[in-house]
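Hello,

Here is the structure I promised to pass on to you. Have a look at it first, and then read my notes below.

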Amino acid sequence: MSDDTVVVWDESLLAYDLGDHPLDPVRVELTMALARELGVLDRPGVRLVAPSPADDAALARVHRPDYLDAVRAAPSDPLFSGYGLGTPDNPIFDGMHEASALVAGASLAAAEAVWRGEARRAVNVAGGLHHAMPSRAAGFCVYNDPAVAIARLLDLGAERVAYVDVDVHHGDGVQEVFYADPRVLTVSLHETPLALFPGTGFSDETGGPGAEGSAVNLPLPPGTGDAGWLRGFHATVPALLRAFRPQILVTQCGADSHRLDPLADLRLSVDGQRASYLALRALADELCEGRWVATGGGGYALVEVVPRAWTHLLAVATGEPVAPDALTPPAWRALAKDRRPEREVPLRMTDEADGSYEPWQPSGEPDAVDRAIMATRKAVFPLLGLDPQDPAL
């Protein structure tokens, strides 16, 4: 296996552009510019790979053929309706199929490079469109690139794929596609569906018939910050992945869990998000011989948060983490101000948070986060032969 890291990137990925919409491709442009200015993309062993669009056969592993036809046809039909398209969340745009297929193709390229041993890790920050369903668009997502990539891994012979989703929204589309497939463990940490789209991801969603224990959901209360989120992560994800023994780890790393994000109500810092990426890399190293495919996802603080968070992700994936107190380069600040003059441009790669947390314990007076942790552990740990009361797990 090569020790290289593949970063799948081409400016054509910015064509996934929903117009005047929260999911603005400038966040991806500014991420790649910041990573480049900090030297992350020029490290030894980092290979930039331009994607090719996913073909219909790859997309049809996840999406229905009539839905693919609808995505193709919608931009040229002024009266088009249906399939979740033409809504405020998922407006129709020119070249929609081509742009969406390219994002899916980028995640396919990342997954194939890692599975075939051409790289130890691979990243597609333009990906992570985890809400798209087999026959409809949803939540800003047309084609579900993480699911398409996981399906390709299964077709290439993978027997155990773990998917961990740290976006503030439930990874509902990926869960839906693999809910009855015991070869895929889907784990999602998100703000409670009682308060946030898509309204799914309760702790009792644990997998379909024959795949019990293959879906894990940790719904967290609004206001959860670094300490509670990281406590929840470490109280669930490592033990479950160790029990499942994945051959490869796929992650969706949405940055919308940040306290500045305008669409949700968790309160993480960039430092807490950085800590999650380090934990994911460590689990891939421990359990999968380092095989890790990372995608982007949500994130709507376009200048203030997303570029820093995903540059930290790229740095963790490619080697040495960027120091939290590193300055953002002047050339990047100028680009960010040019692209979004109304936004505050951050001067450092940190929010000056320490990312510390207290490990979960089953005793004592539980707070709302602890109750969520216990509900998830009780729902799914026994299905994988684990004791939900054991704090060592």
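**What I found**

Let's start with helix α9, residues 306–318: its 13 residues reach 18 Å from the first C-alpha to the last, close to the 18 Å expected at 1.5 Å a residue (the expected span is 1.5 Å times one less than the number of residues). Helices (H or I, at least four residues) and strands (E, at least two) are DSSP runs, numbered from the N terminus. Please keep in mind that this is a predicted model, where local features need pLDDT of at least 70 and side-chain atom pairs count only at pLDDT 80 or more, while totals for chains, interfaces and linings use all residues. Residues are numbered from 1 along each chain as its sequence is written, and side-chain values use heavy atoms, leaving out hydrogens and water.

Is α9 buried or exposed? Of its 13 residues, 13 are buried, so α9 is largely enclosed by the rest of the structure. (Buried means under 20% relative accessible area, exposed over 50% and partly exposed in between, with a 1.4 Å probe and protein chains only.) Just after α9, Gly-319 takes a positive phi of about 145 degrees.

Next, the sheet. Eight strands form an open sheet with parallel pairing, in the order β2-β1-β3-β8-β7-β4-β5-β6. Two strands pair if DSSP finds at least two bridges between them. At the edges stand β2 (46–49) and β6 (215–220), each with a single partner strand, so one side of each is left without a neighbour in the sheet.

Four bridges join β1 to β2, and three bridges pair β1 with β3 (residues 121–124). Val-6 stands opposite Arg-47 in β2 and opposite Ala-122 in β3. Thr-5 and Val-7 point one way from β1, Val-6 and Val-8 point the other way, and all are buried.

Finally, look at Gln-273, which is found in helix α8 (residues 270–287). With a relative accessible area of 2%, Gln-273 is buried. Its side chain makes a polar contact of 3.1 Å with the side chain of Ser-257. (A polar contact is a pair of N or O atoms within 3.5 Å; within protein, one must be able to donate a hydrogen and the other to accept it, and residues adjacent in sequence count only if both atoms are side-chain atoms.)

Enjoy exploring!
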